[in-house]
Amino acid sequence: TSDNHISTVNDLSAQRLAKLFKSAYAYAEGQDYKTVDAFVAVGDLTNYGQAYEYQAWKKIVDDNVKDETQVITVMGNHEYYGNLNDLEWGVKGYTANLDPELNKHVEIKGYHFIGVSTYGEGDYSEDLEWLENALAEAAQADGDKPIIPFQHHHIKDTVYVSSEWHAVQSAQLNSLYAKYSQ
């Protein structure tokens, strides 16, 4: 999921997020594999990165996500909107209120999920080296299994609107991901 833009537990975005979880579990119940192993939220979880917005997001997750399901998050640009003049404010808000780790490398049932948080408006320069190391580690561990990388901003010219709205380091990200066929 992406762009939840949660402000309160009662807003329309909150209702939609709760419905997403319920729908995913209902779908899984009708399949041979009856559960959901993970939900990945790729940024803009909140509107302005305020503590009360993170609390609302967490309450929706706590009320709707089952214990066997892991929730993995990374930051988007809206997590900084409470104070765009101080990017560290956004980082501190996310790490204090949601997750102490900005970037994630999580293995679930032998599959590697690697998420990188943006630094403000689509800037991943702070984390390219971390991302490269995480991808190399995942590829070495399970060379044939897919690696699932994710970030909030698209790589330029890959999906609708990504010609206008994309990661600053699109070329570097594209080259980095291209090194790993999985």
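Guide: Helices (H or I, at least four residues) and strands (E, at least two) are DSSP runs, numbered from the N terminus. The model is predicted, so local features need pLDDT of at least 70 and side-chain atom pairs count only at pLDDT 80 or more, while totals for chains, interfaces and linings use all residues. Residues are numbered from 1 along each chain as its sequence is written, and side-chain values use heavy atoms, with hydrogens and water left out.

The part to look at is the loop between β5 (147–150) and α5 (170–178), where S162 is found. S162 has 0% relative accessibility and therefore counts as buried (under 20% relative accessible area; exposed is over 50% and partly exposed is in between, with a 1.4 Å probe and protein chains only). Its side chain reaches the backbone nitrogen of T158 at 2.8 Å. This is a polar contact (N or O atoms within 3.5 Å, one able to donate a hydrogen and the other to accept it; residues adjacent in sequence count only if both atoms are side-chain atoms). Leaving aside residues up to four places away in sequence, S162 touches H154, I155, K156 and D157, where contact means heavy atoms within 4.5 Å.

V161 is found in the loop between β5 and α5, and at 34% relative accessibility V161 counts as partly exposed. Y160 has its place in the loop between β5 and α5 too, but with 76% relative accessibility Y160 counts as exposed. Together with W165, these residues Y160 and V161 form a nonpolar patch on the surface, with about 350 Å² of accessible area. A patch takes residues with over 30% relative accessible area and no salt bridge, joining nonpolar side chains (Val, Leu, Ile, Met, Phe, Trp, Tyr) within 5 Å and like charges within 9 Å. As for reach across the model, the C-alpha atoms of Y160 and D32 are separated by 33 Å, and the two residues are 128 apart along the chain.

β5 pairs with β4 in the parallel sense over 4 bridges (pairing needs at least two DSSP bridges), and I114 stands opposite P149 in β5. Strand β4 (residues 111–115) is largely enclosed by the rest of the structure, because 4 of its 5 residues are buried. On β4 there is also an antiparallel partner, β3 (residues 104–108), joined by 5 bridges, with I108 opposite Y111 in β4. β3 and β4 form a hairpin with 2 residues between them, and K109 in the turn has a positive phi of about 50 degrees.

K109 forms a salt bridge with D37, the closest N and O atoms being 3.3 Å apart (a salt bridge is a side-chain nitrogen of Lys or Arg within 4 Å of a carboxyl oxygen of Asp or Glu). The pair links distant parts of the chain, 72 residues apart: D37 is in the loop between α1 (12–29) and β1 (38–42), K109 in the loop between β3 and β4. K109 counts as exposed at 58% relative accessibility, whereas D37, at 22%, counts as partly exposed.

K104 is buried, with a relative accessible area of 5%, and D99 is buried at 18%. The whole structure has 4 salt bridges.

How values were computed
Accessible areas come from the Shrake-Rupley method with a 1.4 Å probe; for residues, only the protein chains shown count as cover.
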